[in-house]
Amino acid sequence: MLSIGLTGGIAAGKSLVAARLAELGAVLIDADVLAREVVEPGSAGLAEVVQAFGEGVIASDGGLDRPRLGELIFDDPRARERLNAIVHPRVRARAAELRASAPEGAIVVQDIPLLVETGQGPDFHLVIVVDAPESLQISRMTSRRGLSEAEARGRLAAQAARAERLAAADIVIDNSGTPEAALETVEVLWQHRLLPFAQNLAAGERAERSGPPALVPYSPQWPAQARRLVAKVQAAVGGALPVDHIGSTSVPGLDAKDVIDLQLRVPSIADVDALAPSLAGAGFPRSRGIHADTPKTFAPDPEQWQKAFHANADPGRPVNLHVRVDGSPGADYALAFRDWLRVDPQARDSYLAEKRRLAEQCAADPDTSRYAEAKEPWLVAATDELLAWKERTGWRSA
């Protein structure tokens, strides 16, 4: 099952996108609908709301008087927190029930207005944010909902800032133009990313990759993308294990293939196998079993360099996930090499020149295997410098 979190600021157009995803075949779970369901007349949720806010929040029909409750909590953050503590756990529990009942292999979209505010992003394979400029949100609220500009700005202020939502987004759907343009984006996303992702998850397979090494200039977006991926991996394994952004995309100023390399450090080699199902379920199926990862640069006991290799099932964001024992030579080498290139511009530029040279040589290759092997002589030649830097600085893994 592919799990999607859908969110967006008020009047950004989230409902438009949600409806189209449902038409395309997604199982839609609407948090606003569930928030009403869990406080229906006769429910335990409504009884707890009355206990917290008084009988005055009950309407003449016995249901919740939402306008009256809104008045009580709008300018009172503590009152909002009290209400959220009653409603949100019930909504999440009901959403979990609906998610569990979805057909095998389904694409489940959870429409959650406060997804960012409640920190739920890492729980989903992907977070989609529907975005529009604040000026357009205000215009829509005043023209379509009859709010004053002051009221519209107040609604915006009560939500996460636009920058916070965008920082949490794996995918942004721009709804600043026509509805037709936004819906076209949704359909392309469905066909070319969501459906293949769901199929790969069901099959336990990585997304297909092919072609020669294509280096691109360093992107300032890579660290933010890596942080979101790190959070997803940590959520999948229980949150306590270290996950590192490694490889060329972790070094500012270094050209790289647009592939995020992550390293999960586990306590023992037994944990490598134990965590494989959880990682696969989170979208990182195993691509290779436990194997010796010894670079030709060194000749230690191969058992000290064991790792498992996982890769992304998401065709829209290539990821390599290396699972190594914490403190092992392989784990420390990946971290030390990254840290050395970050602080030594001469070493970084030398490596960059070699990467560019080899990428040009391998430009007609069907894959990147020859390119990866051809970098080995540079790594061998750089070993003494790396070891000297570690000794000089007293480098230790965090």
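1. Strands β9 and β12 (residues 319-325) pair in the parallel sense over seven bridges, where two strands count as paired if DSSP finds at least two bridges between them, and where helices (H or I, at least four residues) and strands (E, at least two) are DSSP runs numbered from the N terminus. Within this pairing, Ile-260 has Val-319 of β12 as its bridge partner, and Leu-264 stands opposite Val-323 in β12.

2. A word on the basis of these remarks: this is a predicted model, in which local features need pLDDT of at least 70 and side-chain atom pairs count only at pLDDT 80 or more, whereas totals for chains, interfaces and linings use all residues. Residues are numbered from 1 along each chain as its sequence is written, and side-chain values use heavy atoms, with hydrogens and water left out.

3. Each of the two strands has a further, antiparallel partner. Strand β7 (residues 243-246) is joined to β9 by four bridges and runs antiparallel to β9, with His-245 having Leu-262 of β9 as its bridge partner.

4. Burial is taken as under 20% relative accessible area, exposed as over 50%, and partly exposed as in between (1.4 Å probe, protein chains only). On that scale β9 (residues 260-266) is mostly covered, with seven of its seven residues buried; one side carries Ile-260, Leu-262, Leu-264 and Val-266, and the other carries Asp-261, Gln-263 and Arg-265. Seven of the seven residues of β12 are likewise buried, so β12 is largely enclosed by the rest of the structure.

5. The salt bridges deserve attention, a salt bridge being a side-chain nitrogen of Lys or Arg within 4 Å of a carboxyl oxygen of Asp or Glu; the whole structure has 21 of them. Asp-111 and Lys-14 form one, with their closest N and O atoms 2.6 Å apart, and this pair links distant parts of the chain, since Asp-111 lies in strand β3 (residues 107-111) and Lys-14 in helix α1, 97 residues apart. Asp-111 is buried at a relative accessible area of 2%, and Lys-14 is also counted as buried, at 10%.

6. Arg-317 counts as buried at 12% relative accessibility, whereas Asp-258 is partly exposed at 34%.

7. The largest nonpolar core has 30 residues, a core being a set of buried Ala, Val, Leu, Ile, Met, Phe, Trp, Tyr and Cys residues joined through side-chain atoms within 4.5 Å. Helix α5 gives the largest share of this core, six residues. Val-57 is among the residues with the most contacts inside the core, and, leaving aside neighbours within four places in sequence, its contacts (heavy atoms within 4.5 Å) include Val-49, Leu-64 and Leu-69.

8. Ala-11 has a positive phi of about 65 degrees although it is not a glycine, and Ala-11 sits in the loop between β1 (2-8) and α1 (14-24).
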